[in-house]
Amino acid sequence: MNGHVISTVGRSTNIKWHECPIGKLERQSLLGQKGCIVWITGLSGSGKSTLACALSRELYCRGRLSYVLDGDNLRHGLNSDLGFKQEDRAENIRRIGEVAKLFADAGVICIASLISPYRRDRDACRASLSEGTFIEVFMDMPLELCEARDVKGLYKLARVGNIKGFTGIDDPYEAPLNCEFIVSDCNTAEGWGMPFPSAMAEQVLSYMESKGYLRA
């Protein structure tokens, strides 16, 4: 084999990992930031996509490069062959985790926004990365608030049985046990509700800044 390590990974045989002279550290230095994954998880209607877009905008305004991987968007292409059974959800998370890993390796701040209801699938993504690369953000919004928002009208369909296996109704959501950041509902002029998008983004940004993610 001339000293080359040939591997078998899953069903792929006779493969070799190729290293390039320009690596993650060089790319981070070029961009002036640390490549990482901000993984936003929570119930449908909890504000995951709202936070993802607000965070991406704030990063852009600060001259930082990010990219949003939205769960619904990825089901239009990469994951269009997957349904919502447990095994399909697991594969959905695995694929998105692998794509997010590539973005982080490129030095980009990757913002992944998806329900990702099962703890083991999120933990598997974290375990595949170097320490400090995975920032889990839990949208800790009560079911009642998410159902009241019902942005896509899915809770109504689930309540009458037109959607089976809907997270929070007849399929479980497993909240993180040791996430890096929690966004909770707050008291507003109209009662308890979701914080403003800019406020949520600022909270996450402050955390990232304090941990050094916004500098190389």
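Trainee: Which residues does UniProt list for "domain: APS kinase"?

Mentor: The unreviewed UniProt entry lists residues 34-183. UniProt positions follow the numbering used here, feature names are shortened, and annotations may be inferred rather than shown by experiment. Keep in mind that this is a predicted model, where local features need pLDDT of at least 70, side-chain atom pairs count only at pLDDT 80 or more, and totals for chains, interfaces and linings use all residues. Residues are numbered from 1 along each chain as its sequence is written, and side-chain values use heavy atoms, with hydrogens and water left out.

Trainee: What makes up the span of residues 34-183?

Mentor: The span is 40% helix and 17% strand, and its end C-alpha atoms lie 23 Å apart. Helices (H or I, at least four residues) and strands (E, at least two) are DSSP runs, numbered from the N terminus.

Trainee: Why are α2 and α8 called roughly perpendicular?

Mentor: The axes of helix α2 (residues 48-61) and helix α8 (residues 197-210) cross at roughly 65 degrees and come within 8 Å. Axes are lines fitted to C-alpha atoms, for helices over the stretch in contact, and angles run from 0 to 180 degrees between N-to-C directions. Angles under 35 degrees count as roughly parallel, over 145 as roughly antiparallel, 65 to 115 as roughly perpendicular and the rest as oblique. So α2 and α8 are roughly perpendicular to each other.

Trainee: Which residues meet where α2 and α8 touch?

Mentor: From α2 there are T50, L51, A54, L55, E58 and L59, meeting P197, M200, A201, V204 and L205 of α8. Contact here means heavy atoms within 4.5 Å. By class, the contact of α2 with α8 has nine nonpolar, one polar and one charged residues. Ala, Val, Leu, Ile, Met, Phe, Trp, Tyr, Cys and Pro count as nonpolar, Asp, Glu, Lys and Arg as charged, and the others, Gly among them, as polar.

Trainee: And why are α4 and α5 called roughly parallel?

Mentor: Helix α4 (residues 86-105) and helix α5 (residues 119-127) have axes that cross at roughly 20 degrees and come within 10 Å. Therefore α4 and α5 count as roughly parallel to each other. Q86, A90, I93 and G97 in α4 meet R120, D121 and C125 in α5. That contact of α4 with α5 has three nonpolar, two polar and two charged residues.

Trainee: How do you know whether T41 is buried or exposed?

Mentor: Buried means under 20% relative accessible area, exposed over 50%, and partly exposed in between (1.4 Å probe, protein chains only). T41 has 0% relative accessibility, so T41 counts as buried. T41 lies in strand β3 (residues 36-41), and its contacts include K48, L114, F138 and Y173.

Trainee: What about S113, buried or exposed?

Mentor: S113 comes out at 2% relative accessibility, so S113 counts as buried. You'll find S113 in strand β5 (residues 109-113), touching I40, K48 and L69, among others.

Trainee: Where does M208 sit, and what does M208 touch?

Mentor: M208 is in helix α8. Its contacts include C36, V38, I109 and Y213. M208 counts as buried because its relative accessibility is 0%.

Trainee: Why is N14 called exposed?

Mentor: N14 has 65% relative accessibility, so N14 counts as exposed. N14 lies in strand β2 (residues 12-15) and has a positive phi of about 55 degrees although it is not a glycine.

Trainee: How does D150 come out, buried or exposed?

Mentor: D150 has a relative accessible area of 12%, so D150 is buried. D150 is in the loop between α6 (143-149) and α7 (154-159). D150 has a positive phi of about 35 degrees, although it is not a glycine.

Definitions and conventions. Lists of a residue's contacts leave out its neighbours within four places in sequence.
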